[in-house]
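I opened the model and kept notes as I went. The entries follow in the order of looking.

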Amino acid sequence: MSSFSRSAQQWATFARSWFLIDARMQPPGKIATMCSVRLQGKHKPIYHALSDCGDHVVVINTKHIAFSGNKWEQKVYSSHTGFPGGFKQVTAAQLHLKDPKAIVRLAVYGMLPRNLHRRTMMQRLHIFPEDELPDDIRANLTEELPQPREIPRKLSEYTQEEIDAFPRLWIPPEDYKMK
Amino acid sequence: MAARSLLRSIWTSFAGLKQGFTGTSVNSLLRVNVPQISAVAMQTRGIRQVVEKKDGKTTTIEGQIIEIPAGPQPPNPTAKCPIYRWNLQHKYNYTDVLLLSQFIRSDGGMLPRRITGLCLEEHRKIAICVQMAHRAGLLPDHKPKLPEDHVPKRPKPQLNRYLTRWSIDSVKPIYKRGLKWCKKRMDVGHPALRNNVRYGVKPLYIKH
């Protein structure tokens, strides 16, 4: 803001902000790109890889994430414990039931740069499966980011006036019953 | 009669007639128990008002057709298929539930093509969109009726999804995804909706 004093402007530029993202009915990949951009600090014009300008990101409602297509059944998360016979492959559905935070966490982890800063950036990412936030994090939040995907409305969420305003496309024949 | 022939609907009049028959003990004029529908936009066959008249020993129960004005006219009335009549060819998606709900039964199944009058490709596209809408949970009231004591064998996990092409149980996990040149992609959406109007620059991304 141009109305700030020099010290206040300097403080506002280099301060670390806290962003909130609601992941309800959102694809985890799109949430993860938004998170990774802000964790690295790439949304700031003063970005430099060495200057530690990343912000905190809080993701809520990760339990209600929505995958497109059949990814819940098709997407496989693999890991190896290091021991022989320790190759584990789990589908996204199974992983989500076991740990609702894992999918978003792994997605963001894969989108961050593969250097030593990645672990610090992951520490600045806070994921919560439901709406509840601890009070200290809630007090720190500065901005809520808009959701990447528009949530479609269910038929039960339309009012009767809207349903009536929509014209009937075809006329059923007189003897046809059962609808 | 011409106006009336334009205005048709099945379930309202049938529901009204059935309720009228059960209440024969009431002497006074029986008003049809029809749920509140604004008659302006809906093209109906003629909602009937059940009138009971008693002349000594004979009781006459008559369904008198209420005159309802016609709804809005389609912009292209000469076409055969209703989608082409309303110029909605490449403009609908799985989210347009108001459109899709006109072609489904109360338990979620599609109505036959010879009844709705859709052309073959549009019928298939609507069927695909209805499937995707069901899987996305956008049609919660059109589930098949299960008997009261039905207990599911294994509890279904409540997972949100959208643009699901294949049925949930039929899909196998992709354990080996392959390298870039032979990658096994995951299908999203359906190629039948490939020609839909897109207002952005980005192409339709079917293989993820």
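**Entry 1: helix 2 of chain A**

I checked the length of helix 2 (residues 28-40) of chain A first. Its 13 residues should span 18 Å at 1.5 Å a residue, and the end C-alpha atoms are 18 Å apart, so the two agree. The expected span is 1.5 Å times one less than the number of residues. Helices here are DSSP runs of H or I with at least four residues, strands are runs of E with at least two, and both are numbered from the N terminus.

This is a predicted model: I took local features only at pLDDT of at least 70 and side-chain atom pairs only at pLDDT 80 or more, while totals for chains, interfaces and linings use all residues. Residues are numbered from 1 along each chain as its sequence is written, chains are lettered from A and ligands numbered from 1 in the order written, and side-chain values use heavy atoms, with hydrogens and water left out.

Next I asked which residues of helix 2 of chain A are buried. They are A:Pro28, A:Ile31, A:Ala32, A:Met34, A:Cys35, A:Ser36, A:Arg38, A:Leu39 and A:Gln40. Buried means under 20% relative accessible area, exposed over 50%, and partly exposed in between, using a 1.4 Å probe and protein chains only. The cover over these residues includes strand 1, strand 2 (56-60), strand 3 (66-68), helix 5 (102-111), helix 6 (117-123) and strand 6 of chain A. Contact means heavy atoms within 4.5 Å. A:Gly41 follows the helix with a positive phi, near 90 degrees.

**Entry 2: strands of chain A**

I then traced the open sheet of chain A. Four strands form it in the order 6-2-1-7, with parallel pairing. Strand 6 (125-127) and strand 7 (143-144) are the edge strands, each pairing on one side only. Two strands pair if DSSP finds at least two bridges between them. Strand 1 (residues 18-22) and strand 7 of chain A pair in the parallel sense over two bridges. A:Phe19 stands opposite A:Glu143 in strand 7.

I looked at strand 4 (residues 76-80) and strand 5 (residues 87-91) of chain A as well. They pair in the antiparallel sense over five bridges. A:Ser78 stands opposite A:Gln89 in strand 5. The two strands form a hairpin with six residues between them, and A:Gly82 in the turn has a positive phi of about 100 degrees.

**Entry 3: chain B and its helix 6**

I counted elements in chain B: six helices and three strands. From the N terminus on they run α-α-β-β-α-α-α-α-β. Of the 208 residues, 36% are buried. Among contacts with a separation of 6 or more, 54% join residues 24 or more positions apart.

Helix 6 (residues 120-136) of chain B got the span check too. B:Gly137, just after the helix, takes a positive phi of about 80 degrees.

**Entry 4: loop and phi values in chain B**

I went to the loop between helix 3 and helix 4 of chain B, where B:Gln89 is found. Leaving out residues up to four places away in sequence, B:Gln89 touches B:Ile83, B:Tyr84, B:Glu122 and B:Lys125. B:Asn87 is in the loop between helix 3 and helix 4 as well. Its phi is near 55 degrees, positive in a residue other than glycine. Most residues other than glycine have a negative phi. B:Asn87 is partly exposed, with a relative accessible area of 33%. B:Leu163 is not a glycine but has a positive phi of about 55 degrees. I placed B:Leu163 in the segment after strand 3 of chain B.

**Entry 5: the second largest pocket**

How many residues line the second largest pocket? I found 40, with B:Lys156, B:Pro157, B:Gln158, B:Arg161 and B:Ile168 nearest its centre. Helix 3 (71-74) and helix 4 (92-98) of chain A, together with helix 6 and strand 3 of chain B, each give two or more residues to the lining. Helix 6 of chain B gives the largest share, four residues.

On a 1 Å grid over the protein atoms alone, a pocket is an open set of points where a 1.4 Å probe fits, with protein on both sides within 12 Å along at least five of seven lines; lining residues have an atom within 4 Å of a point.
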